[in-house]
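Hi,

Here is the structure I promised to pass on.

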Amino acid sequence: MSAPVRTPREVLAYIREREVKAVDLRFMDFPGLWKHFTVPAEVLDESAFEDGIGFDGSSLRGWVAINESDMLLMPQPDTLFIDPFCKDVTLAMLCNIQDPLTKEDYSRDPRNVARKAVNYMKSTGIADAAMFGPSLEFFVFDDVKFDQTVNAAFYFVDSAEGQWNSGRDERPNLSYKIPYKQGYFPCPPADSLYDLRSEMMLAMMDCGMIVESHHHEKASGGQCAINIRYDELVPMADNVLKYKYIVKNMARRHNKAATFMPKPLFEDYGSGMHVHVSLWKKKNGEMVNLFYGSEYSNLSEIAMYALGGLLKHAPALCAITNPTTNSYKRLVPGYEAPTNLAYSQRNRSAAVRIPVYSSRAKSKRLEYRVPDGTANPYLAFAAMLMAMLDGIRNKTHPGQPLDKDIYDMPPEQLKDVPKTPRTLVEALNALEQDHDFLLHGGVFTEDVIETWIDYKRKAEVAAIRMRPHPYEFTLYFDS
């Protein structure tokens, strides 16, 4: 399912065949944003793939210090695609990062962490492939404004679909606003973003991704989802970045703004990134799904242990899979968010769901519903894999399923069910105390964990804690 591997010579031939004018080299900073710079197509030669292309890494968040700033970009031929948004024909390639002196892969390069996780999995003999299928949700807004100054702070988002615009003078207002929490699967004209999502879908397909469907999501005011076919861990993380790039740029092309921020609207549904995952092993020349068996919901014993690993380490995982202060405004009861660290074959408020429509051996999988789209996909998928491998290695059983309707359960029955962290502070504390499972095989390093926690605490937690919140004026101004 991954793109066919190309040699550097084949890449150069492709550039000539498609009359490529520029080559865009992309890589990811530590928290999880794509970065890039561009070279003329004629500058690229075979030596660039072997020797790398130098750049200054000191200004990238969470990377090297200024006195050790030189880094190497190593273009990866099998990741190429034609950028659908550039005026001139531009070929994009993803890159790995190396130290120019040692030529070793850089420990804080998120793509390197993901590659190490896959190699470690193979070295254990447990599995030969980890398949990931994230389902990302996002909002498309017509207007976005926000600011923070010494004496003011505000945000404002707007969508022509939003129920809050039912009485707005639109000259004419043609109604068809989507009621709060009722945005799932409406047809046009209520679903005003249908054509935009189709354009996003077609652009994804042109970039080599396999798209299964798209639809409007549950919230009022422009919440959408596009479902893409599962793939192995590293190419799937690559595809998440392409997905987000295409969604944002296609929205911008139509004078709209797309966001993967988990909770941009108060008292309506937030956006998650539900991750479907399974482990596979080659047996008798054929890849076999290790998660299919005769246990609960046709899961195998290995799948149950993997599930146990996910639930055991879920609080620590949240610091990576839900890495923003806004993430925890989504993880609250009442909005189908997975706040309970339990599993079920149908219950969508449980952290792990086993889809009942995946009864065939090849489609049996776990759906980890906690993550959101602000996660760095390389780090999130790698951390999930390490938690599952830890569960399998230690035979961590997840206990009994929670198949009851959680919303109808009395508090005394729910009090013993573990919960997701309530804040990023709690999640970072959990990661600080529970990260040994990530260190096996040198996949994550102590340096990576420490840098992640330190960056999040200083750049995000402290920044939010120090600033007055607009609602505090409602609560306290007349104190």
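Predicted model: local features only at pLDDT ≥ 70, side-chain atom pairs only at ≥ 80, totals over all residues.

Let me start with helix α4, which covers residues 194-206. The 13 residues of α4 reach 19 Å from the first C-alpha to the last, close to the 18 Å expected at 1.5 Å a residue. Its buried residues are Leu 196, Arg 197, Ser 198, Met 200, Met 201, Ala 203 and Met 204. You'll notice an arginine, Arg 197, in that buried list, along with Met 200, Met 201 and Met 204. As for the spacing, an α-helix has 3.6 residues a turn, so residues three or four places apart point the same way.

What lies over those buried residues? The cover includes the strands β7 (129-141), β10 (211-216) and β11 (223-228), as well as helix α5 (233-253). After α4 comes Gly 208, and its phi is positive, near 95°.

Now step back to the loop that runs between β9 (153-158) and α4, where Pro 172 sits. Pro 172 is joined to Arg 171 by a cis peptide bond, with omega at about 0°. Pro 189 also belongs to the loop between β9 and α4. For context, most residues other than glycine have a negative phi, and most peptide bonds are trans.

Asn 255 is not a glycine, yet its phi is positive, about 60°. You'll find Asn 255 in the loop between α5 and β13 (257-259). Asn 255 counts as exposed because its relative accessibility is 65%, and the cut-off for exposed is over 50%. Glu 267 is another non-glycine residue with a positive phi of about 60°. Glu 267 is in the loop from β13 to β14 (273-283). With a relative accessibility of 48%, Glu 267 counts as partly exposed.

Next, a few residues in other helices.

Ala 117 is in helix α3 (residues 110-124). Is Ala 117 buried or exposed? Its relative accessibility is 0%, so Ala 117 counts as buried. Leaving out residues up to four places away in sequence, Ala 117 touches Ala 382, Leu 385 and Val 443. Ala 117 and Leu 438 are 321 residues apart along the chain, but their C-alpha atoms are separated by 9.0 Å.

Asp 390 belongs to helix α9 (residues 377-394). This aspartate counts as buried because its relative accessibility is 5%, and buried means under 20%. Which residues does Asp 390 touch, not counting those up to four places away in sequence? They are Lys 312, His 313, Thr 396 and Phe 437.

Asp 51 is an aspartate in helix α2 (residues 46-51). Asp 51 is partly exposed, as its relative accessible area is 41%. Setting aside residues up to four places away in sequence, Asp 51 touches Leu 72, Met 74 and Lys 103. Val 443, already mentioned as a contact of Ala 117, is 392 residues from Asp 51 in sequence and 24 Å from it in space, C-alpha to C-alpha.

Finally, the whole chain. The protein chain has 14 helices and 18 strands. How does its radius of gyration fit a compact globule? For 479 residues a compact globule would be near 23 Å, and the protein chain has 23 Å, so the two agree. Along its principal axes, the C-alpha trace spans about 65 × 60 × 45 Å. Buried residues account for 55% of the 479 residues. If you take contacts between residues at least 6 apart in sequence, 67% of them join residues at least 24 apart.

In terms of charge, the chain has 55 positive and 63 negative side chains. The centres of those two sets lie 3 Å apart.

If you open the model, the loop between β9 and α4 is where you'll see both Pro 172 and Pro 189.

Cheers

Definitions and conventions. Residues numbered from 1 in each chain as written. Heavy atoms only, no water. Helix = DSSP H or I, 4+ residues; strand = E, 2+ residues; numbered from the N terminus. Rg over C-alpha atoms; globule rule 2.2 N^0.38 Å. Buried < 20%, exposed > 50% of the residue type's maximum accessible area, 1.4 Å probe, protein only. Contact = heavy atoms within 4.5 Å. Lys, Arg positive; Asp, Glu negative; His and termini not counted. Charge placed at Lys NZ, Arg CZ, Asp CG, Glu CD. Expected span 1.5 Å × (residues − 1).
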